[in-house]
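Reader: I like to see the criterion behind every label in a model. Could we go through some of them together?
Author: Gladly, ask away.

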Amino acid sequence: MDQFLITGSSRIAGEVTISGAKNAALPLLAATILAETPTTIHNVPWLQDVRTLIQLIAGMGIDIQKQDDTVTCDTNSINSFYAPYDLVKTMRASILVLGPLLARFGEAEVSLPGGCAIGSRPVDQHLKAFEAMGAEISVENGYVKARAPKGGKLIGCNFSFDMITVGGTENVIMAAVLAKGTTILGNCALEPEVVDLANMLVAMGAKISGIGTATMTIEGVDRLHGCEYSVVPDRIETGSYLAGALMTRGDVMTKNTRADLLYPVLEKFEAMGATITTGEDWIRAQMKGRPQPVDIRTQPHPGFPTDMQAQLMAVCCLADGTSTIIENIFENRYMHVPELNRLGASIQVDGHTAVVRGVENFTAAPVMATDLRASMSLVMAAAAAEGQSLIDRIYHIDRGYEDVENKLRALGVTIERINTND
């Protein structure tokens, strides 16, 4: 199990090129199952979660070719509609193969998913929608078994999600594009990654209106073809590196990214005293003094993203005053708090609310990453801390940040990966 050894007191400054978004690449790869001709996807980040999903769909017989950040998937050789537990257990996004398999082939058997331990993320909304489209669903021995109605085609329906669910919205859109008739989906997630998926499906021949709104209408078509498409830039990776500038009075230029994906976060950065400048494909954060305290309330898009909560909390730890953070998305997403406190932070949690009293400096300590985004908050805090910090369980960060140590070194962070098996 690898660890990071970070020597702190760094000033995080320089340029960093942002990768494609993990949370967009995964549903796009799942969507290739729907196409009868090859699909080519560019700007694919080479992350553990991406490798896992590619392994999963390759195991179904799909021919996959990769060159640099481009992946081509040809489904003509698909021979299995089964997603085994040993792959699905590591990543919740594996459930996204259920909708495409069910839509195109009329059947699927997919293990219930795993992933970060940040709270309850049930798949019941996915399954309710599939049932509304006529599918027979059963859960047996930890597997979801799904079969389309007689004739092998799902049937369009009106369905409104009981709660906003990114994965549910994506899965059901993919199921609906090949359904017989029209599907109207209400209370859809508005995240940029959902929009990215819908746009690629349209490029594949799907008929979808209302993209980027809470109500989407999908008119089913007989078949989809492959296309060439580029993954949207990773807004969370962008925000994570920019946060490093705020913590260390630094100056970070993020390239190959988009400011329109990150407005709620950039507004908080400016409120904390950063100078934010943007262009068509870049964002720069410059920071001269201590951050100012802010209040943060996580919300579904276009609100403040839960995936940036831990990183903003780390900035708030060094603020000149007291900040309040309210986590509304996941009930167990404060596991990084004890680890930040080990680095000298002053954070108290009461239910969904964290009160962060700013301190002058972090001090080095051994800490443990608890989930994907928390791991990045600890890396940035360790870079700002006085002394050497050892971060354990960094396999979490490898799931969501491509080439992370080289990008951090380019920004002035002294970081070394230690393989404990050596």
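Predicted model: local features only at pLDDT ≥ 70, side-chain atom pairs only at ≥ 80, totals over all residues.

Reader: What makes cysteine 73 count as buried or exposed?
Author: Its relative accessibility is 1%. Buried means under 20% relative accessible area, exposed over 50%, and partly exposed in between (1.4 Å probe, protein chains only). Cysteine 73 is therefore buried, and cysteine 188, with 3%, is buried too.

Reader: Why is the contact between glutamate 140 and lysine 145 called a salt bridge?
Author: The closest N and O atoms of the pair are 3.3 Å apart. The rule asks for a side-chain nitrogen of Lys or Arg within 4 Å of a carboxyl oxygen of Asp or Glu, so this pair qualifies. Glutamate 140 is partly exposed at 36%, and lysine 145 is also partly exposed, at 30%. In total the count comes to 18 salt bridges.

Reader: What makes the salt bridge between glutamate 237 and lysine 407 a tie between parts of the chain?
Author: Here the closest N and O atoms are 2.7 Å apart. Glutamate 237 lies in helix 8 (residues 235-247) and lysine 407 in helix 14 (residues 404-410), so the pair ties together parts that are 170 residues apart in sequence. Helices (H or I, at least four residues) and strands (E, at least two) are DSSP runs, numbered from the N terminus. Both partners, glutamate 237 and lysine 407, are buried.

Reader: Which parts does the salt bridge between arginine 290 and glutamate 360 tie together?
Author: That pair has its closest N and O atoms 3.4 Å apart. Arginine 290 sits in the loop between strand 17 (282-286) and strand 18 (295-297), and glutamate 360 in the loop between strand 21 (353-357) and strand 22 (367-368), so the link joins parts that are 70 residues apart in sequence. Glutamate 360 is exposed, with a relative accessible area of 56%. As for networks, salt bridges that share partners join Asp2, Asp398, Glu405 and Arg417 into one.

Reader: How do you know that the overall dimensions agree with a compact globule?
Author: The radius of gyration is taken over C-alpha atoms, and the globule rule is 2.2 Å times the number of residues to the power 0.38. With 422 residues, that rule gives a value near 22 Å, and the protein chain has 22 Å, so the two agree. The C-alpha trace spans about 65 × 45 × 45 Å along its principal axes. The chain has 14 helices and 24 strands, and 56% of its residues count as buried.

Reader: What makes helix 10 mostly covered?
Author: Eight of the eight residues in helix 10 (residues 309-316) are buried. Among them are Gln309, Leu312, Met313 and Cys316.

Reader: Why is the backbone of serine 9 worth a mention?
Author: Most residues other than glycine have a negative phi, and most peptide bonds are trans. Serine 9 has a positive phi, near 65 degrees, and is found in the loop between strand 1 (2-7) and strand 2 (13-17). Serine 9 is also exposed, at 53%. Aspartate 403 likewise has a positive phi, of about 55 degrees, and lies in the loop between helix 13 (395-398) and helix 14. At 42%, aspartate 403 is partly exposed.

Reader: Which form does the peptide bond from histidine 301 to proline 302 take, cis or trans?
Author: This bond is cis, with omega near 15 degrees. Proline 302 belongs to the loop between strand 18 and helix 10.

Methods. Residues numbered from 1 in each chain as written. Heavy atoms only, no water.
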